[in-house]
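Thanks for coming, everyone. Please put the model up on the screen, and I will walk you through it.

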Amino acid sequence: EGSELNLPQVPRPNVTKRSNSLPSTSPADEDSVVIEEKRRRVNGEGYTLHRYLRGRLLGKGGFAKVYLCTALDTNKAYAIKIVPKANLTKARARQKLQAEIKIHRTLKHKNVCEYKHFFEDRENCYILLELCHNQSMNEMIKRRKRLTEPEVRYFMNQLLESIKYLHDQLVIHRDLKLGNLFLDKHLNIKVGDLGLATKLESADEKRKTICGTPNYIAPEVIQGDRATRGHSFEVDIWSMGVIMFTCLVGKPPYEAKDVKATYQRILANEYKFPIDVPISNDAKDLIYCMLQSKPSDRPTLKEIGNHPFFTANSIPVALPSNATHVAPKTD
Ligand code: ADP
């Protein structure tokens, strides 16, 4: 049958309810199911069968649910993003997923959540991803309220590495936010959700589509054509500024009662550092530089890396695993 996604075609695999013979370890995987993939052999002759045990729900997105999953061939753990085809009836939604996969599958970097494999059956599309055990920085900030400067240096340095890589590949992420910065078991940042990413043909191409998440969206994206001739790599630098502010302060800089008010604050570039949170001048200056209304006024990634916030202080090489829940002891 016709898969409307222009992706590797596989015949309809069977999704089977878990049989009683499979091990049950916790009540959480009570509703586990085995997902079967019939993968066409490389030589085109016949298929190999691959089975995945779907475990607990890791998170929900706009179109997809993401579950823990074990490949039963290898016993390796992954995250599996399941997109019901019922959510892909509109051509735009299909194109979006197609674009996401097309970009994501070409990327490989230690701070980008790795794309592993795609397959589909009649009901769903399945994207196998590198498993990130520690949710996202959004949950971390909710629990911790805010992070210390050395922690922010650690995370911003990893974010910088990942964005350098993406921009080198001419990929603009366009939806950088705490909820898309996943954390692996060693608390390494893995940038994920390339659903709004775009790959330019050349570095001077501009994009016009409005996208992004209200709190983190750059002013030139809100304004569309009026002020600039489209947007480019600088939108990610803006979002890095919003991310850094949010990590240090505990809430995003342009937060307001609704989206309209947030956009107004972004366009007026209205944000303040709270007086009751101690933040170094280096940190404030770097945020100030990244949150420049005019895209060309924002620093390059190289300039960010050379900013005193990074160079005048040492960058932690690792964080203790309990950093997701508790602030480090100060001595
Ligand atoms: P959408 O594109 O529909 O917004 P996301 O890619 O943001 O979906 O994934 C939704 C949620 O699933 C995330 O917020 C996160 O909690 C979880 N998630 C996504 N990818 C992974 C992963 N590789 N490892 C662990 N959890 C993940």
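Strand β5 and strand β7 (residues 124-129) pair in the antiparallel sense, over six bridges. Strands here are DSSP E runs of at least two residues, helices are H or I runs of at least four, and both are numbered from the N terminus. Two strands pair if DSSP finds at least two bridges between them.

Before going on, a word on the source. This is a predicted model: local features need pLDDT of at least 70, side-chain atom pairs count only at pLDDT 80 or more, and totals for chains, interfaces and linings use all residues. Residues are numbered from 1 along each chain as its sequence is written.

Back to the strands. β5 also pairs with strand β4 (residues 65-71), antiparallel again, through seven bridges. There, Y67 has I80 in β5 as its bridge partner. The hairpin of β4 and β5 has four residues between the strands, and N75 in that hairpin takes a positive phi near 65 degrees. What does β7 do with strand β6 (residues 115-120)? The two run antiparallel and are joined by five bridges. They form a hairpin with three residues between them. In that pair, Y115 stands opposite L129 of β7.

UniProt lists K81 for "binding site", in an unreviewed entry. UniProt positions follow the numbering used here, feature names are shortened, and annotations may be inferred rather than shown by experiment. Is K81 buried or exposed? K81 counts as buried because 26 C-beta neighbours lie inside 10 Å. The cut-offs: buried is 20 or more other C-beta atoms within 10 Å of a residue's own, exposed is 12 or fewer, partly exposed is in between, and C-beta atoms are placed from the backbone. Leaving out residues up to four places away in sequence, K81 touches A64, V66, I127 and L129. Contact means C-beta atoms, placed from the backbone, within 7 Å.

Next, the ligand. How many residues surround it? The shell holds 22, and the closest are G59, G61, V66, A79 and C132. The elements giving two or more residues to this shell are β3 (47-60) and β5. β3 gives the most, with three residues. By type, the shell has 10 nonpolar, eight polar and four charged residues. Nonpolar means Ala, Val, Leu, Ile, Met, Phe, Trp, Tyr, Cys and Pro; charged means Asp, Glu, Lys and Arg; the others, Gly among them, are polar.

On to the core. In soluble globular proteins, nonpolar side chains tend to be buried together. A nonpolar core is a set of buried Ala, Val, Leu, Ile, Met, Phe, Trp, Tyr and Cys residues joined through C-beta atoms within 7 Å. The largest one here has 74 residues, and A79, I80 and M244 have the most contacts inside it. Helix α5 (residues 234-249) supplies the largest share of this core, 11 residues. Apart from residues up to four places away in sequence, M244 touches V152, M156, L286, I287 and M290.

Finally, the whole protein. It has nine helices and 11 strands. Of its 331 residues, 35% are buried. Among contacts with a separation of 6 or more, 61% join residues 24 or more positions apart.

Notes:
Contact = placed C-beta atoms within 7 Å. Near = placed C-beta within 6 Å.
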